[in-house]
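Here is a colleague's note for you to read beside the model. Keep the sequence and the 3D view open, and find each residue as you reach it.

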Amino acid sequence: MEFGLHIGTRGCMTDRGNVMRMAQAAEAQGYGIIGVADHLIVPVRTDVRYPYTADGVWPGAPTGECLDAIATLCFLAGCTERVKLLTSVVVVPHRPPVLTAKLFLTADVLSGGRVIAGVGAGWMKEEFAPLGAPPFESRGAVTDEYIRAWKTLWTEDRPTMNGAFARFDNVVFEPKPVSKPHPPIWVGGESAPALRRTVQFGDAWYPVSNNAKILLNTPAKLKEGIERLHRAAEKAGRDPASIDIGYVWFMPPDWTERQHPDGGRQMFTGSPDAMLEDAASFQAVGVNHLIVYLQRPTIEQTLETQQRFAEDVVRKS
């Protein structure tokens, strides 16, 4: 199983030197993927609950700090050599489709084909209007059409499209991606629409462990989610085996054992042996890429956590 880490571009990860240190250390430590969260602006107030924290507050809300995810991949491409670079996940409707296709293409070329396009439809309504994005209520249809537009631009010699949200003709879109036929598309989200989008467009499904409405925070629950995905694939006539599985464990590991709210040990807490068993249990249900959230308030704490998790889990799995 391949391990990766997820970062938010806030706090210590808004500093150029710190981002370089994190990325180069991750590559040396044996992580195979660096995932970068995506926000362009942060509203002062939102009535929408963040799906992935118990209190419903997005962790970046207190400061509003965020860097562009795809631009960050380009930076990471220049200070690493082997690690794959993932948007975790880019909010597809936030950027015009031709622009986004070119941004991903640029990162792909400059990284030598190491980019993974992690995608989602978005959850915070207040972000959409300031960006001039299509209406929040249309985000699902927009996401589908924009992904279709990317693929057209990445793969066709004379790309054209005349959709409801994406239209282009008489364009040359070169060079083509280093990744063939295009950068892999990992579809984020846990809902039925996310599963349908994965089946239709995705190279991989990329759910998060702790969506409060659709918890996938145990191997058994994730196995049920993968089974739902496979049923959707079979219904659509797609081979389930053609869909890769990535997974974000969004709760930081803790070497002090903690209790799960439902009883028993919280996964990825306690001894290194227990964490190894946790990783193996997710691999057993089909996870091929396990992304963990290791960022801490300071770069020193972040690097220490990365190193410890690499020594205790990544290099022994």
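1. **Ground rules.** This is a predicted model, in which local features need pLDDT of at least 70, side-chain atom pairs count only at pLDDT 80 or more, and totals for chains, interfaces and linings use all residues. Residues are numbered from 1 along each chain as its sequence is written, and side-chain values use heavy atoms, with hydrogens and water left out.

2. **The largest core.** Start with the largest nonpolar core, which has 74 residues. A nonpolar core is a set of buried Ala, Val, Leu, Ile, Met, Phe, Trp, Tyr and Cys residues joined through side-chain atoms within 4.5 Å. Buried means under 20% relative accessible area, exposed means over 50%, and partly exposed is in between (1.4 Å probe, protein chains only). Met22, Leu76, Trp150 and Phe309 have the most contacts inside this core. Helix α4 (residues 139–155) gives the most to this core: seven residues. Helices (H or I, at least four residues) and strands (E, at least two) are DSSP runs, numbered from the N terminus.

3. What does tryptophan 150 touch, leaving aside its neighbours within four places in sequence? Its contacts are Val90, Val92, Pro97, Thr100, Ala101, Phe104 and Val119. Contact means heavy atoms within 4.5 Å. Another core, of eleven residues, lies apart from the largest one. Ile33, Leu86, Ile116 and Phe250 are among its residues.

4. **Leucine 99.** Leucine 99 lies in helix α3 (residues 97–111). Leucine 99 counts as partly exposed, because its relative accessibility is 43%. Leucine 99 and tryptophan 150 are 51 residues apart in sequence. In space they are 9.4 Å apart, C-alpha to C-alpha.

5. **Helices α5 and α6.** Two packed helices are described by the angle between their axes and the distance between the axes. Helix α5 (residues 192–201) and helix α6 (residues 219–236) pack at about 50°, with axes 9 Å apart. That makes α5 oblique to α6. Angles under 35 degrees count as roughly parallel, over 145 as roughly antiparallel, 65 to 115 as roughly perpendicular, and the rest as oblique. Axes are lines fitted to C-alpha atoms, for helices over the stretch in contact, and angles run from 0 to 180 degrees between N-to-C directions. From α5, Leu195, Thr198 and Val199 meet Arg228, Leu229, Ala232, Ala233 and Ala236 of α6. The contact residues divide into six nonpolar, one polar and one charged. Ala, Val, Leu, Ile, Met, Phe, Trp, Tyr, Cys and Pro count as nonpolar, Asp, Glu, Lys and Arg as charged, and the others, Gly among them, as polar.

6. **Helices α4 and α5.** The axes of α4 and α5 come within 12 Å and cross at roughly 15°. They are therefore roughly parallel to each other. Gly140, Thr143, Asp144, Ile147, Arg148 and Lys151 of α4 make the contact with Arg196, Arg197, Gln200 and Phe201 of α5. By class, this contact has two nonpolar, three polar and five charged residues.

7. **Arginine 197.** Beyond its neighbours within four places in sequence, arginine 197 is in contact with Ala121, Gly140, Thr143, Asp144, Ile147, Val187 and Gly202.

8. **Proline 134.** Proline 134 lies in the loop between β5 (115–120) and α4. Proline 134 is buried, with a relative accessible area of 17%. Proline 134 and proline 93 are 41 residues apart in sequence, and 6.8 Å apart in space, C-alpha to C-alpha. Neighbours within four places in sequence aside, proline 134 is in contact with Pro93, Phe128, Val142 and Tyr146.

9. **Backbone details.** Most residues other than glycine have a negative phi, and most peptide bonds are trans. Check the loop between β7 (167–168) and β8 (185–188), where proline 175 sits. The peptide bond from glutamate 174 to proline 175 is cis, with omega near -5°. Proline 181 is found in the loop between β7 and β8. The bond from lysine 180 to proline 181 is cis, with omega near 0°.

10. **Positive phi.** Asparagine 170 lies in the loop between β7 and β8, and its phi is near 60°. Asparagine 170 is exposed, at 77% relative accessible area. Phenylalanine 268 lies in the loop between β10 (244–249) and α7 (272–284). Phi of phenylalanine 268 is near 60°. Phenylalanine 268 is buried, with a relative accessible area of 0%.
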